[in-house]
Amino acid sequence: MSKKYDAIIIGGGHNGLICAAYLAKAGRKVLVLEKRHVLGGAAVSEELYPGFTFSVASYVVSLFRPHIIRELELAKHGYEVIPMDCSFLPLPDGDSLARWADPHRSRKEIARFSKKDAEIYPEFSRIMTLMGKLAKAVIDHPAPDITSFNPKEIANLLRLGKAFKDLGPDLFHLNVKLVTMSALDFLDLWFESDVLKAPMSVSGIIGTFQGIRSPGTAYVLLHHYMGQLDGVFRSWGFSKGGTGGVSMACARAAMSYGAEIRTEAPVKQVIVKNGEATGVVLENGDELYAKQIISNLDPNRTYLKMVGEQHLDSEVLKEVKRYKLRGSSGKVNLALDSVPEFKCRPGDGDHIRGDIAIAPSTEYLEKAYDQAKYGEFSTRPYINAVIPTLTDPTLAPPGKHIMSCFVQYAPYHIKEGAENWPKYREAFGDAVVDTLAEYIPGLKDKIIFRQVLTPWDLEQTMGLTEGNIFQGELSLEQLLFQRPIAGYSGYKTSIHRLWMCGSGTHPGGGIMGASGELCAKTMLKSRAV
Amino acid sequence: MSKTYDILIIGGGHNGLTAAIVLAKKNKRVLVLEKRPVVGGLAAGEEFHPGYFTNGLLHDTSEVNLQVLRKLQLENFGLKWQSAAPTVALLSKQGECVKLSHDAEQTATEIARFSAKDAQAYREYISFLASIRPFIANLLTDFPPDLTAFGRRQLWTLLKKSLALRLLGKKKMLELLKVTPMCVADFLNEKFETGFIKAGIAAPALYGSFTGPWSSYTTLNLLMHECRSASNIVGGPQALINALTKAAENAGVEIRTNNAVQEILLDENHSVNGVRLSTDEVIQAPIVAASCTPQTTFFNLIQPAQLNYTLEHAVQHYRSRGTTAKLHLALNKPVAFNGVGGLEFYRTGNSFDEMERAFDPVKYGAFSEEPVLDIHVPTVSNTGLAPSGHSVLSVLIHFAPINLKGGWNEDSKKRLYDITIKTLEHYSPGISASIAGAELLTPADLEQRYGLTYGHIYHGEHAVDQLITRPFPACANYTTPFKGLYLCGSGSFPGGGITCMPGYLGAQTILKHC
Amino acid sequence: MKWKIWAGYYAVCSYETLHDAEYYAFRNSAGLLDVSPLFKYRVTGPDAAAFLSRIMVRNIEKLAVGRVAYCCWCDDHGKVIDDGTVMRRGEQEFFVTAADPAFSWFSRFLRGYRVELTDISDQVAGLALQGPTSRDILKQVCDADLDALKYFATCKTRVDNFEIYISRTGYTGDLGYELWVDNAHALKLWDAVMDAGRNYDIRPAGLDALDVTRVEAGLILKDVDYYNALHALIDDRKSSPYEISLGWTVDLDRGPFNGQAALKAEKQQGSKWAIVGLDINWPQLEELYYKRGLPPVLSLQAWRSSIPVYASKDKRKQVGYATSGTWSPILKKNIALATVQKQYDKIGTELQFEVTVEHVRHTVSAIVSKTQFYNPEHKTFTPKPSRS
C-alpha cells in the first residue's frame, strides 16, 4: 500500500483537473490518474502530424465559467481564449451569410435574405439574454434534489423557483416553449428566412441524437446567449494552442496547488468494499487508496465498468442502464497546404476566422437526421468547421492550415453494429470532404493529412461511451436532478465515497468546467474531504 | 330582434353543445349558432354515399368524460355508455393481430402468444397507468393551473398540483418525471419487444401532434390518452350528439343551424356586444363563447385592429399543422383485418421505424407512402349505418400534411386514396373489390367543410406549450383579452378529441364570471 | 473631421475640429446635414391611413394630404418604441421616417389591411437644410412655392431633371426643410444646394452642431432621453408618450391602436414621470468655480450622460435625472432635458442639479421650464399662407 490520498480522480479531462485544482487549493492531497499520454480528455491538443497541433475532439470554448478562471487563476497558468468574430454560412447557390459580432454588419447581411429577420435578430438575442439569467441560476449551482425534504434542498428548489418567478409570466411561458419546443419551431416564432434559421437551429442539436424539428431541442439555443451580456451575439472562442490549452491551464493550476497528476496510468477498477469505495486498481495491478474516489468518466463507465454491476442495487442498475448516451457526431481533422477558400466568398478574410457551418437549409439538416435515425451516417451532414490557424498561426507551419470539422450525424449505432464503424470510417471521411469540396473548390488537393474520428473511435480513444461528446444526452429527462440519475445527481453516487465530476453530472456538456467545480465544492462543503 | 340572449355560442359541436347545456341549466338564455346544416361538428355522422353513413368524423369516444355526461344527465336523453374503452385490435404486417381490451389479464394472455416478456411488461404497464391515472385524470378534468400570473393564488394552486404529484410517492413521481419528456419509442422499447404491439400502443400519442415516435414528449401524449381512455359511447359520436341536442333543447337552449357568424361585435372598450351573421343579422348578447378554432375566432371573426400585438403573434404562431386525412368507405360486405372481424377498432403501425418513416415526409410537405391507419368499423355495432350485410369503414389516415407540395388537387387526392387502399388491402385482401362508394377528405377538405384551421382535427397540435396554457397564455383558462368573449372548443384545455371537457370547463368559467 | 457611426453608416459629427461654425450656420444662415441613415418607409394602398393609425398614437386618418405629422408608436403596454414623422403624400400614399429599423414592427400589423409596406431606407437619401436662410437657398434650386409651404407641410418638386420631396421639418427648431431624394441623385442635390447657398453663407453641418440645436429646441432623442421599449432589458427603462413630453401626439378616443388601453388607463391614473426643461442657475455655478479659483468652463458640446436631479428641499432625495444638455450659445444659458417624477414637472419648480467642479460633486439650483428653450418666430412663419 502506497501513500494515502484525500482524493483520487479517475480521468484527467478538464472537469477532473478543475475538480483536482479546487480540492488541492483547499489543501487536500489529490491524485489525478489519466489513461492516455496526454491530459484533457476530449479537450485535448495533439500533434497528429509533424508541425500541426490539432484540437482533436472538442474544438471551441463557449461556456467556460468565468468565475473558475478567476478562482483558479487560470490566466496566470496559460488560459487564453480568442473570441470568434463571425459565424459563416456558405450556400450552394453561390450566396452566403456571415453573422458578425457587430450588430450593424449582421443586420446588413441578414437583410439580403429578410429585412424583417434582420431587424428581429437583435431583439431575439436580447430576449435570450434575459432568459440566460435563468439558465445561469441553473448551471452555477448544484441541481436541487426534488425528492428530498431536507431544508437545504428545499431552499435550493425555492431559489430556482424564485429565478423562474423573477422572469415574469411572459418570459416564463417563453421558457416553457424553450424547454419543450423544437429548435426550428422556436425560431419560427421570430424568423422567416430559412437561410438564417438553418444555421441558428443547429445550436439546438449539437451532440444530441435529435433533429432540429425534434421537440426539446430549443433549450440548447440558450447556451449561446448565456456567456454574454454586452450585446455581442455569441461567446465562442478558440483556446490558444488548441482546446488542450484550457486543460493544460487547469492542470498547471492544479499542480501549482499541489495536486499530483499521472498520465499513462489507466484505472482498471474502483475498489469497493462493503459498499464503500476505498481505492483504485490500475491496469498494471498497482493499488492506490484514498478517502474519496472521484470519477471524471461518464456514468455508464463509472457504474458499470469501474464499479461493476455486482455492487449496484437493482434500482440504480436499472436507471444506469436506462441512461441514454447514443453518440451522434464525429470529427474530421484536416491539415491543409494552404487556406481553404470558399467559392461563394473567396479569400482568407474575417468571415472564415470564426465558425463555418455547412447547414444550407433546414430541410438539408432534417434530412441528415432522417438518414441517421435509421442507422446510417448522413451522406450530406451538418458540418461545423473552424480554421484555428488563421487566428493562432502557432498551430501549424507558416502558410499551412488546420481545418477542424465537427460532423453530425454519425450515429454510434449503425445498422451493422457499432463495432463495424472502422469499415465505414474512410467512407464517412470521404462524405465530409466531398461535402466541403462542394463549397471549397480544390480542397481535396490541399489536404496533407486527414484524421477521421467516428463515434466508435471517440469511445475507443477517449473513453466516451457510445461516442457521446457530452457524456450523455442533454434531453430534459437527463438534466438537473435527473443527471445522471434521479437520487444521485449531487455528484454523489450510490457507492459511498465515490463521486462523479464529469459532463455526465449537472449541468453537463461542453467545456464549461462547472461539473468539476461544483463536485469539488459540494465535497468540501459536506466535509467529505 | 325581439328575443334577447345572455350567451351566444359559436359552433354546435360536442363542446359547444356541452357548454350550452351547462349554461342553460343555470337559467341562462343560450343561443347556439352553427354554420353547417347539422349540429355535431366533428362528432356528427353524415351520409357520405347514398345509403351509407359515418358515425362522426372523429370516431373515438373512449376519452369522453363520463362525469360530465352524468352531470348533464344524458342518460335521461337516451344515451348509454360503458365505463371502459372498447377493444382495439393491433395489426402486424405479417398478418398477426393482438386485441387490447379493458381486461388487462385477458390482453396479457393475448400478448403472451407473441412474447411472454411483453405479456408481463403489459401487466406492469397497466399497473403503472393505474397508479398515475388518478393524478393525470384529475389534472385533465380540473381547471388548468393558472400560469398567466404569479400571484399568491396561482402559486398556491400550482403548489397543490405539485403536492399531488409528490403524493404519488417518490418512486412514481420520479418515474413520471423521467418518462414524460421521453419519446414514446424509448419509453415503450424499455418495456416491450414485439414491434407491432409497441407501435399499436404508441399510435394515439402521435395523432394530431406533428411528431413521430422518436420525438420527445410523445410519452406525455400517450399517458394522457391512456389515462382518460375509459369509456365507450353506445352508438358512437352521433349518439352523443343526439343526446346532447335533446338535453340542450330540454334545457331551453335555442339552436340555429345554417347560421354562420361573420363577426364578433366589440364596443370601444373591447367588450363583447354580440355577433353579426353572414346574413348581416345582428344578435346582441353580453357574452359570446366560441367553440370554433382559436384562429377562426381571432382572425376571422374579429377586426384585425382589435388584436394587440401579443395576441396577434400568439394566434399567428399557434401550431396547428393538420397532418390527418379521413377516408370513408362503403363496403358491400362485412370486413375483417388480418382475418379478425367483428371488431370496431383496428390500428396499424407495425414498428417504430415504419411509423417514423410514415411521419418523415410530412416535414417536407408530402404524405406517407405507407400511412398509419386508425380504423373504425361503426357498422359492427350500428348496423343501421349501411344496408343490411354491408359495412362502413371510417379511417383516419396519418400522415398527410395540409401544406402538400404542389397543393391538394384531384391528382394528389387520387394518389393518397390509392396508397391508403393499398395499405388496407394488405391487411384485408380483397377489400378494394367490395368498395361501393368512397369519400376521401384531405386536411384541406376538412378545413373547408368543418372550418378547421389548417385542417387540424384537434384545433391545434397537442404539445406541452400548447397544453396547460392552451391555446396560448393570452387566452388560457377559457378567457380572452375581450370582456365577454370566452373560448370553449378543442383549442382550449385539455385539447382535442371527443371529451366534452373544454366545453364543460369553459362554461364553468363563464358561470364564475356572471 | 470627426465621424461617428449612425445606424451602421459613418456620419459626420463636425467638418472642422470644432462644430461652432456649423452651429451658427444653423442659427444665423443655413447648414446642410446628411440625414440619410434615418430609416424610411413607404406605405401605400386603400387602407394606408387606417393601417398607420392603428400603429401610431396619432390619428393619421385625420392628416391632410400634403401635411406631416410628428408622432410616436407604442407597444401593447403603451410604451414608446420610437418616434418619427409621417408624411401624407397622397390620399393613399405615406412616407414614414424612424430612428430605429421599424419594418418588422410595422409589418406585424399588416394582416387585414390592403396596404403595401416598403422599406426604402437604402433607396432614399435625406438632406436637412436648416437655418434662417434655408428658404431663400431652396428657392434657387427648385420652383416649389416655398412661400406658401407651411410648417409641417410637404410637397413634391423637381431639381434639374429629378424629383424630390420637400418637407418643412427638421431637428433644429429653426426654419428648415428636409429634402428626400432617390439616392442616385443625392450627390447632385447636395451640390445644387451648396452652389445655391454660396451667397447665403451655407455650410455643411454635422451631428455635433445638430445636438446643440436640438436640445435648445427641446427635441428628445431615442436612446438618450428615452429607450426603445423593444430594446429595453427592464421595464423601468420603458416610457409612455406622456412621460417623454409626447402626450400631445396621443389621440385616444378613436378606433383601436397599439397601446390604447394602457394609455387610456395612464391618462386617467396619471403618469409617473415627465420630461422637462431645466434652466440651470448660472451664478451659482460660476460661484462654485470661483471658489476653487477657476473661471467657469463648460464644454461647447452638448452632453448626453445621465446626471442626477434632486428635490430642492431635500438635496439627498433624487427626483430624476437629466439625460442631455448643453450650453446654449444663442440663449446664453446652461440648459438640460431631464426626466423627473411627475409631481416635480410644474414650470417654475426649483430643483437641484448635480455639477462636478474639480472632481467634487455639488448641486446648483435649476428651474423647471418648457422643453422648448428656443422657438423663433421664423420657424413657423409662412410668408404667403393663404395659397396653400
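# Interfaces within and between chains A, B and C

Chain A and chain B bury about 3500 Å² between them, with carbon and sulfur atoms accounting for 55% of that area. The model described here is predicted. Within chain C, domain 1 and domain 2 bury an area of about 2400 Å² against each other. The size of an interface is often expressed as the accessible area lost when the parts come together. The points below treat each interface in turn and then the fold of chain B.

**Chain A with chain B**

- The contact involves 40 residues of chain A and 39 residues of chain B.
- On the chain A side, A:His173, A:Arg322 and A:Tyr374 contribute 19% of the area that chain A buries against chain B, more than any other three residues.
- Between chain A and chain B there are 13 salt bridges.
- In one salt bridge, B:Asp186 pairs with A:Arg326, and the closest N and O atoms lie 2.7 Å apart.
- Polar contacts between chain A and chain B number 19 residue pairs, both residues of each pair being at pLDDT 80 or more.
- Four elements of chain A give two or more residues to the side that touches chain B: helix H5 (151-180), helix H6 (183-188), helix H10 (314-322) and helix H11 (362-373).
- H5(A) gives the most to this side of chain A, with 10 residues.
- By class, the side of chain A that touches chain B comprises 17 charged, 15 nonpolar and eight polar residues.

**Chain C with chain A**

- Here 17 residues of chain C are in contact with 10 residues of chain A.
- C:Phe103, C:Ser104 and C:Leu233 supply 33% of the area that chain C buries against chain A, more than any other three residues.
- The count of salt bridges between chain C and chain A is two.
- C:Arg108 and A:Glu123 meet through their side chains in a salt bridge, at 3.4 Å from N to O.
- Across this interface of chain C and chain A, 10 residue pairs are in polar contact, both residues being at pLDDT 80 or more.
- Strand S4 (39-44) and helix H3 (103-107) of chain C are the elements that give two or more residues to the side of chain C that touches chain A.
- H3(C) gives the most to that side of chain C, with four residues.
- The side of chain C that touches chain A divides into 11 nonpolar, four polar and two charged residues.

**Domain 1 with domain 2 of chain C**

- Chain C is divided into domain 1, covering 2-218, and domain 2, covering 272-388.
- The contact takes 28 residues from domain 1 of chain C and 29 residues from domain 2 of chain C.
- The centres of domain 1 and domain 2 of chain C, taken over C-alpha atoms, are separated by 28 Å.
- Carbon and sulfur atoms give 54% of the area buried between domain 1 and domain 2 of chain C.
- In domain 1 of chain C, the residues that lose the most area to domain 2 are C:Asp147, C:Val215 and C:Glu216, together 22% of what that side buries.
- Two salt bridges are found across the interface of domain 1 and domain 2 of chain C.
- A salt bridge links C:Asp145 with C:Lys384, where the closest N and O atoms are 3.8 Å apart.
- The interface of domain 1 and domain 2 of chain C also holds 15 residue pairs in polar contact, both at pLDDT 80 or more.
- Strand S1 (2-6), helix H1 (20-28) and helix H6 (207-216) of chain C each supply at least two residues of the side of domain 1 that touches domain 2.
- H6(C) provides the largest share of that side of domain 1, six residues.
- The side of domain 1 of chain C that touches domain 2 consists of 14 charged, 11 nonpolar and three polar residues.

**Fold and dimensions of chain B**

- Chain B has 16 helices and 21 strands.
- The radius of gyration of chain B is 22 Å, close to the 24 Å that the globule rule gives for 514 residues, so chain B is as compact as a globular protein of that length.
- The C-alpha trace of chain B spans about 65 × 60 × 50 Å along its principal axes.

Note on methods:
Residues are numbered from 1 along each chain as its sequence is written. Chains are lettered from A and ligands numbered from 1 in the order in which they are written. This is a predicted model: local features need pLDDT of at least 70, side-chain atom pairs count only at pLDDT 80 or more; totals for chains, interfaces and linings use all residues. Side-chain values use heavy atoms; hydrogens and water are left out. Domain bounds come from an automatic or database domain assignment. Contact means heavy atoms within 4.5 Å. Buried area is the accessible area (1.4 Å probe) that two parts lose on being put together, summed over both. A salt bridge is a side-chain nitrogen of Lys or Arg within 4 Å of a carboxyl oxygen of Asp or Glu. A polar contact is a pair of N or O atoms within 3.5 Å; within protein, one must be able to donate a hydrogen and the other to accept it, and residues adjacent in sequence count only if both atoms are side-chain atoms. Ala, Val, Leu, Ile, Met, Phe, Trp, Tyr, Cys and Pro count as nonpolar, Asp, Glu, Lys and Arg as charged, and the others, Gly among them, as polar. The radius of gyration is taken over C-alpha atoms; the globule rule is 2.2 Å times the number of residues to the power 0.38.
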